[in-house]
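Subject: Structure for you to look at

Hello,

Here is the structure I said I would pass on. My notes on what was found in it follow below.

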Amino acid sequence: MTDHPINPPPELKRQWIEEDKGGPGWASRIATRAAQWGADQELEACCALMDDWGLEASDLRAARRPPASLK
């Protein structure tokens with residue numbers, strides 16, 4: 001099950017571990033990054049489908065990923 005397409009690639013997981021390991025809550029930070037990666041994969045798949053249908057995907061992307069100043 002670890003090679004499912006929604007799972008981050010092993011290289012990316014290793015990178016996150018190297019960047020975030022140590023200190024309290026490091027596992028939670030890595031899990032959060034993995035969840036964000038998965039959501040990004042889902043968003044890109046939806047946008048690609050909208051493009052295939054001739055719909056404007058930029059509106060969906062903007063609604064799902066507002067600028068950082070709005071978070």
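The protein exposes about 5,400 Å², and carbon and sulfur atoms supply 60% of that area. Please keep in mind that this is a predicted model.

Overall make-up

Of the 71 residues of the protein, 15% count as buried. The protein has 3 helices and 0 strands, so the order of elements from the N terminus on reads α-α-α. Taking contacts in the protein between residues at least 6 apart in sequence, 32% join residues at least 24 apart.

Helix 2

Helix 2 covers residues 26–52, which is 27 residues.

Which residues of helix 2 are buried? They are Ile30, Trp37, Gly38, Leu43, Cys47 and Met50. The cover over these buried residues includes helix 1 (10–20) and helix 3 (57–64). Just after helix 2 comes glycine 54, which takes a positive phi of about 80°.

Aspartate 20

Aspartate 20 has its place in helix 1. Its relative accessibility is 14%, so aspartate 20 counts as buried; the cut-off for that is under 20%. Leaving out residues up to four places away in sequence, aspartate 20 touches Trp26, Arg29, Ile30 and Arg33. One of these, Ile30, is also among the buried residues of helix 2.

The cysteines

How many disulfides does a search of the whole structure find? The search finds 0. Cysteine 46 is in no disulfide, and the nearest cysteine sulfur to its own, that of cysteine 47, is 6.9 Å away.

Cysteine 46 has 28% relative accessibility, so cysteine 46 counts as partly exposed.

That is what I have for now.

Regards

How values were computed: Residues are numbered from 1 along each chain as its sequence is written. This is a predicted model: local features need pLDDT of at least 70, side-chain atom pairs count only at pLDDT 80 or more; totals for chains, interfaces and linings use all residues. Side-chain values use heavy atoms; hydrogens and water are left out. Helices (H or I, at least four residues) and strands (E, at least two) are DSSP runs, numbered from the N terminus. The expected span of a helix is 1.5 Å times one less than its number of residues. Buried means under 20% relative accessible area, exposed over 50%, partly exposed in between (1.4 Å probe, protein chains only). Contact means heavy atoms within 4.5 Å. Accessible areas come from the Shrake-Rupley method with a 1.4 Å probe; for residues, only the protein chains shown count as cover. A disulfide is a pair of cysteine sulfur atoms within 2.5 Å.
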